[in-house]
Amino acid sequence: VRIYGPEAESLIRSRLLPGRKIEIQQGAPQRRGPGTATPFYAGAVHQDYGLRPEDFEESLAAFVPPEIVRGWRERFDQDDVAGFLLVNLWRPVYMQDPLMHMPLAVCEPRSVRVEDCIPLSLLEFGPTGRPTNQLALRRHPAQRWYYYPGMTRHEVLAFKNYQFFKDDSEAKVEACFHTAFEDPTAPPGVEERQSCEHRVSVFVLRD
């Protein structure tokens with residue numbers, strides 16, 4: 001938190017949203033891999049928070065106390081807020097070799113049709129016991145998937161977990177569907193993935 005938080009804020013302000021009037025809120029990064037509290041990898045295509053603010057609010061409530069959910073909603077509803085993004089900074093950590101075991105693939109949001117999004121919930125997945133509000137994805141040939149082969153612990157992948165702007169008249173796909181996958185080019189016995197994801201809340205303010 002002490003080191004990565006300021007680095008994350010600098011990256012968002014200088015590289016991802018330069019010149020935008022923003023307000024950033026951060027929690028703690030989460031590690032994933034053997035020996036961690038989350039030793040599994042999400043191997044199904046998903047988007048974590050849905051399309052509308054109500055979807056995000058419901059999914060948030062599966063993971064944090066009610067007062068945090070109320071605080072998010074109160075801030076989002078204020079007139080000076082134009083929109084909200086949740087930026088995921090994802091990277092390999094504590095690995096000696098480039099990542100070849102269960103790398104992360106992301107889908108270009110503009111290649112996804114709303115009608116191919118399938119609402120789903122995970123029960124008893126979050127610490128509060130409330131259901132999550134997520135999306136699965138029906139396959140369509142227009143979808144464009146990408147991954148970065150051989151990522152090292154000195155690299156970070158930034159992608160949007162969620163985005164909504166109040167001036168949008170209808171829901172549209174603005175965030176990345178993603179999944180871990182088995183790389184068919186990986187040789188046997190590669191180092192198991194250890195990764196870190198840091199989800200950063202960004203309120204975009206009106207000028």
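A pocket, in this report, is an open set of grid points where a 1.4 Å probe fits, with protein on both sides within 12 Å along at least five of seven lines. The model examined here is a predicted one, and by this definition its second largest pocket holds about 210 Å³ of space, while the largest pocket has a volume of about 1100 Å³.

The largest pocket is lined by 40 residues, and those closest to its centre are Gln30, Tyr49, Phe63, Glu197 and Arg199. Several elements supply at least two residues each to this lining, among them the helices H2 and H3 and the strands E1 (22–26), E3 (81–92) and E9 (178–180). Strand E10 gives the largest share of the lining, namely 4 residues.

The second largest pocket is lined by residues that include Tyr4, Pro29, Arg31, Arg153 and Cys196, together with the run Arg91, Pro92, Val93 and Tyr94. The make-up of the two linings is set out below.

| Pocket | Volume | Lining residues by class |
|---|---|---|
| Largest pocket | about 1100 Å³ | 20 nonpolar, 15 polar, 5 charged |
| Second largest pocket | about 210 Å³ | 6 nonpolar, no polar, 3 charged |

Phe63, one of the residues closest to the centre of the largest pocket, lies in the loop between helix H2 (53–60) and helix H3 (66–77). Is Phe63 buried, partly exposed or exposed? Because its relative accessibility is 34%, Phe63 counts as partly exposed, given that this class lies between the limits of 20% and 50%. Phe63 also belongs to a nonpolar surface patch of about 340 Å², which it makes with Phe40, Leu122 and Phe125.

Definitions and conventions. Residues are numbered from 1 along each chain as its sequence is written. This is a predicted model: local features need pLDDT of at least 70, side-chain atom pairs count only at pLDDT 80 or more; totals for chains, interfaces and linings use all residues. Side-chain values use heavy atoms; hydrogens and water are left out. Patches are made of residues with over 30% relative accessible area and no salt bridge: like charges are joined within 9 Å, nonpolar side chains (Val, Leu, Ile, Met, Phe, Trp, Tyr) within 5 Å. Accessible areas come from the Shrake-Rupley method with a 1.4 Å probe; for residues, only the protein chains shown count as cover. A salt bridge is a side-chain nitrogen of Lys or Arg within 4 Å of a carboxyl oxygen of Asp or Glu. Buried means under 20% relative accessible area, exposed over 50%, partly exposed in between (1.4 Å probe, protein chains only). On a 1 Å grid over the protein atoms alone, a cavity is a set of points where a 1.4 Å probe fits but cannot get out, and a pocket is an open set with protein on both sides within 12 Å along at least five of seven lines; lining residues have an atom within 4 Å of a point. Grid points are joined across faces, edges and corners, and a volume is the space filled by probe spheres set on the points. Ala, Val, Leu, Ile, Met, Phe, Trp, Tyr, Cys and Pro count as nonpolar, Asp, Glu, Lys and Arg as charged, and the others, Gly among them, as polar.
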